[in-house]
Every structure is written in C-alpha cells, then in structure tokens.
Amino acid sequence: MGLLNFFKSNKEALDWDTIRSTEGVYPPNSISLLMTETETGKPATGWLDLAYKDYPYKKYCPYNLQFSVEIDDSGSEDLDMGTIEDFFRDLLKKECVVHVVARVATDFGMIMDMYIDNPEFAQATLMDLNEKEDKWIEFGCGFKYDPKWKEYRRIASLVG
C-alpha cells in the first residue's frame, strides 16, 4: 500500500465517522407499499423505502441482515410488525448505523431487511438475544456481505 492509499483510506474512515454521527446519514423516508401473496397464496402487504435507491453511503453499510420473525396470533396485541421493527432497529442502533429498507408479511409473521455498518456488534447482540430463554420473540437472522446492495436492488425490482 502506497502512502497516497494510506491517506485516502484514513480520510474515508474519518469521513464516515463524521457522516455517521449526523442526521444526514439517514435519508428522508420514501415508502412504497407492496401488495403480494404469501407462499400459501394469502394476500399480504409490505413496503420498500425508495429513499435508498441512490443512497450515497452504501459502501459504508455493506452488511445485509434479513430477519425472519414469527408472530403468534395468540400473543400480545401490542406485538405488531412496527413494534418488532422498532425493537430490532433500536437494539442495533446502540452501536450501528441501521437502515431498515424493506418489510413484508409472511404466513408465519414477517421478513425484514436492513443494512448496517458494524457486523461484529450486530452478530454478538443478536446471538445473545437469540440464546435467552425468556426472549419475547422467535426470530432468525441471516447476515450477508452485500457492498453493492444487490438484495435491495432485487427487492426494488419487484416494485417496478
């Protein structure tokens, strides 16, 4: 690595540290609602945040997390998709920049996609949560290094 590359990489890290601490790190929402069907053919809804289509800082949040969350119909009335989304976003925002980009209803609950910048914190936090005996929700989460946000583009292509 040459001296010029060293300064360039340190400048990018410094710029991200500055950017991630400002409100500009999150674009204003531009939600597009989706009508779809579950695997069993039931009607379902979802949404995609189109504000991320041209998001300039994608390379700094290259990790895609895809949550599968079970929602039991007999559970608490306070437990809805928005509450669950807020819970995971707020949990990870303690140490991550968190971009919740899409959510869709399924036969068992919901699937939610987000992009983050700190996979070590997210993985440790979610593993700890998943191992708790008294956790209030059943979920699975797939981690994928996706620096070009291909999963987001795949979901966006379904919108049209």
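Where does Trp 149 lie? Trp 149 is found in the loop between β6 and α4, in a chain that is described here from a predicted model.

## Basis of the description

This is a predicted model, in which local features need pLDDT of at least 70 and side-chain atom pairs count only at pLDDT 80 or more, whereas totals for chains, interfaces and linings use all residues. Residues are numbered from 1 along each chain as its sequence is written, and side-chain values use heavy atoms, with hydrogens and water left out.

## Overall composition

The chain contains 4 helices and 6 strands, where helices (H or I, at least four residues) and strands (E, at least two) are DSSP runs numbered from the N terminus. Along the sequence these elements follow the pattern α-β-β-β-α-β-β-α-β-α.

Of the 160 residues in the chain, 38% are buried; buried stands for under 20% relative accessible area, exposed for over 50%, and partly exposed for values in between, with a 1.4 Å probe and protein chains only. The chain exposes about 9,900 Å², of which carbon and sulfur atoms supply 52%, the areas coming from the Shrake-Rupley method with a 1.4 Å probe, and for residues only the protein chains shown count as cover. Among contacts (heavy atoms within 4.5 Å) with a separation of 6 or more, 69% join residues 24 or more positions apart.

## The sheet

The 6 strands form an open sheet in the order β1-β2-β4-β5-β3-β6, with antiparallel pairing; two strands are taken to pair if DSSP finds at least two bridges between them. Strands β1 (31–37) and β6 (138–145) stand at the edges with a single partner strand each, so one side of each is left without a neighbour in the sheet. From one strand to the next the twist averages 20°, with axes fitted as lines to C-alpha atoms (for helices over the stretch in contact) and angles running from 0 to 180 degrees between N-to-C directions.

Strand β2 is mostly covered, since 5 of its 7 residues are buried, and 3 bridges join β2 to β4, where Gly 46 has Val 104 as its bridge partner. Strands β4 (residues 98–105) and β5 (residues 109–116) are paired over 7 bridges, and Ala 102 has Asp 113 in β5 as its bridge partner. Strand β3 pairs over 8 bridges with β5, Phe 67 having Met 112 as its partner there, and over 8 bridges with β6, where Tyr 63 stands opposite Tyr 145.

Glu 138 is found in strand β6 and counts as partly exposed at 42% relative accessibility. Leaving aside neighbours within four places in sequence, Glu 138 is in contact with Ser 68, Val 69 and Glu 70, while its C-alpha atom is separated by 7.8 Å from that of Ile 71, which is 67 residues apart along the chain. Helix α3 (residues 119–131) lies across β3 (63–70), β5 and β6, and runs at about 160° to β6.

Trp 149 has a positive phi of about 55° although it is not a glycine, and at 0% relative accessibility Trp 149 counts as buried.

In helix α4 (residues 150–159) the buried residues are Glu 151, Tyr 152, Ile 155 and Ala 156. They cover an arc of only 135° around the axis, which puts them on the same side of α4; the arc is that of the directions from the helix axis to the C-beta atoms. These buried residues pack against β2 (43–49), β3, β4 and β5, whereas the face turned away from the buried side carries the exposed residues Lys 150 and Ser 157.

## Cysteines

With a disulfide defined as a pair of cysteine sulfur atoms within 2.5 Å, the count comes to 0 disulfides. Cys 61 is in no disulfide, and the nearest cysteine sulfur, that of Cys 96, is 8.8 Å away. Cys 61 counts as buried at 0% relative accessibility, whereas Cys 141 counts as partly exposed at 26%.
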